Amino acid sequence: MSISNDEYAKMVDKASPNSPKLMNAVKAFLFGGTICLIGQILTSLFESLGLDEKDVNLLVASILIIATAALTGAGVFDKIARHAGAGTFVPITGFANAVVSPALEFQHEGYVLGTAAQMFSIAGPVIVYGTATSVVYGLIYYLATK
């Protein structure tokens, strides 16, 4: 039995519900904004304690990464992400989730072949591309300013 492309498209449209785009955008904005607000509150708190900018940035990033990893491990971050959508992809929290999720998913295969091997399966290309791009940019900058 063969169906035409038009018939297939009608079947797909019937089977897949329309996405509430406006509501998804509002949720992403609110959840992403909340993550950024938490980061700003932490920044203000650490600055009020007299820490310098370098230490503040390091502490805020570390806390957001550790909190995301812990929430991912507890299964909470994925529940938040179902509602927040792209709002959880605020770079640092999305990256932490992208490292922890595959590690948890493959932990049954052992520490080396499961957790360690799969930990960077999603985030690995980002790390490699970012590092390679930084090296190329650094070389170009060095040569241009020499």
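Helices here are DSSP runs of H or I with at least four residues, and they are numbered from the N terminus. With that in hand, select asparagine 97, which lies in helix α5.

Before going further, note that this is a predicted model, in which local features need pLDDT of at least 70 and side-chain atom pairs count only at pLDDT 80 or more, while totals for chains, interfaces and linings use all residues. Residues are numbered from 1 along each chain as its sequence is written, and side-chain values use heavy atoms, with hydrogens and water left out.

**Stop 1: asparagine 97**

Is asparagine 97 buried or exposed? Its relative accessibility is 15%, so asparagine 97 counts as buried (buried is under 20% relative accessible area, exposed is over 50%, and partly exposed is in between, using a 1.4 Å probe and protein chains only). Now show side chains: that of asparagine 97 makes a polar contact with the side chain of threonine 72 at 2.9 Å. A polar contact is a pair of N or O atoms within 3.5 Å; within protein, one must be able to donate a hydrogen and the other to accept it, and residues adjacent in sequence count only if both atoms are side-chain atoms. Setting aside residues up to four places away in sequence, asparagine 97 touches Thr68, Thr72, Phe77, Asp78 and Pro102, where contact means heavy atoms within 4.5 Å.

**Stop 2: α3 against α5**

Next, colour residues 53-73 (α3) and residues 91-105 (α5): these helices pack at an angle of about 40°, with axes 8 Å apart. The axes are lines fitted to C-alpha atoms over the stretch in contact, and angles run from 0 to 180 degrees between N-to-C directions. On the α3 side, the contact is made by Ala61, Leu64, Ile65, Thr68, Ala69, Thr72 and Gly73; on the α5 side, by Ile92, Thr93, Ala96, Asn97, Val100, Ser101 and Leu104. What kinds of residue make up the contact of α3 with α5? They divide into eight nonpolar, six polar and no charged (Ala, Val, Leu, Ile, Met, Phe, Trp, Tyr, Cys and Pro count as nonpolar, Asp, Glu, Lys and Arg as charged, and the others, Gly among them, as polar).

**Stop 3: leucine 64 and the core**

Stay with leucine 64, which, apart from neighbours within four places in sequence, is in contact with Ile38, Gly39, Ile92 and Thr93. Leu64 also belongs to the largest nonpolar core, together with Leu42, Phe46, Val56 and Val60. Such a core is a set of buried Ala, Val, Leu, Ile, Met, Phe, Trp, Tyr and Cys residues joined through side-chain atoms within 4.5 Å. Helix α3 gives the most to this core, with three residues.

**Stop 4: two loops**

In the loop between α2 and α3, pick leucine 51. Leucine 51 counts as partly exposed at 33% relative accessibility, and touches Phe46, Val56 and Leu59, not counting residues up to four places away in sequence.

Then move to threonine 88, in the loop between α4 (76-84) and α5. Threonine 88 is buried, with a relative accessible area of 3%, and its side chain reaches the backbone oxygen of glycine 85 at 3.0 Å.

**Stop 5: out to α7**

Select aspartate 78 in helix α4; at 34% relative accessibility, aspartate 78 counts as partly exposed. Where is leucine 139? Leucine 139 is in helix α7 (residues 124-145), and counts as exposed at 51% relative accessibility. Draw a C-alpha to C-alpha distance from aspartate 78 to leucine 139: the pair is 40 Å apart in space and 61 residues apart in sequence.
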